[in-house]
Amino acid sequence: DRVVLYDGVCNMCNGWVNYVLARDKKAQFKFAALQGDSGRSLLRMMGREEDDLSTLVLLESDQTVHIRSEAVLRVVSACGGVVGKCA
């Protein structure tokens, strides 16, 4: 599975998660808040500080890690991109 770790307290981050959920027709992604047990555990597994709430992380099924804008672009691309979706 592909897992997106996000700041569960951030309203913009929650809005983005809702945006992706509405467009992820293939259910490619699972989501975990950075503050939750699963999110903290995954951060530790990746060698990141478990209290690092400063980023958005995409953990690919092959354990490849993408952070910040690279993570966002990969998720949006997998959901069909943004062309015509922002109008």
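A residue counts as buried when its relative accessible area is under 20%. Keep that cut-off in mind for one of the views below, which all come from a predicted model.

**View 1. Four strands line up in an open sheet.** Here the strands follow the order S2-S1-S3-S4, and their pairing is mixed. At the edges you will find strand S2 (29-33) and strand S4 (65-67), each of which pairs on one side only. From one strand to the next, the twist averages 20°.

**View 2. Strands S1 and S3 run antiparallel.** Let's zoom in on S1 (residues 2-6) and S3 (residues 57-59), which are joined by three bridges. To find your bearings, look for Val3, whose bridge partner in S3 is Leu59.

**View 3. Asp52 sits in the loop between H2 and S3.** Is this aspartate buried or exposed? Asp52 has a relative accessible area of 18%, so it is buried. Its side chain makes a polar contact of 3.1 Å with the side chain of Arg48. Another polar contact, of 2.5 Å, joins the side chains of Asp52 and Ser54.

Technical notes:
Residues are numbered from 1 along each chain as its sequence is written. This is a predicted model: local features need pLDDT of at least 70, side-chain atom pairs count only at pLDDT 80 or more; totals for chains, interfaces and linings use all residues. Side-chain values use heavy atoms; hydrogens and water are left out. Two strands pair if DSSP finds at least two bridges between them. Helices (H or I, at least four residues) and strands (E, at least two) are DSSP runs, numbered from the N terminus. Axes are lines fitted to C-alpha atoms, for helices over the stretch in contact, and angles run from 0 to 180 degrees between N-to-C directions. Buried means under 20% relative accessible area, exposed over 50%, partly exposed in between (1.4 Å probe, protein chains only). A polar contact is a pair of N or O atoms within 3.5 Å; within protein, one must be able to donate a hydrogen and the other to accept it, and residues adjacent in sequence count only if both atoms are side-chain atoms.
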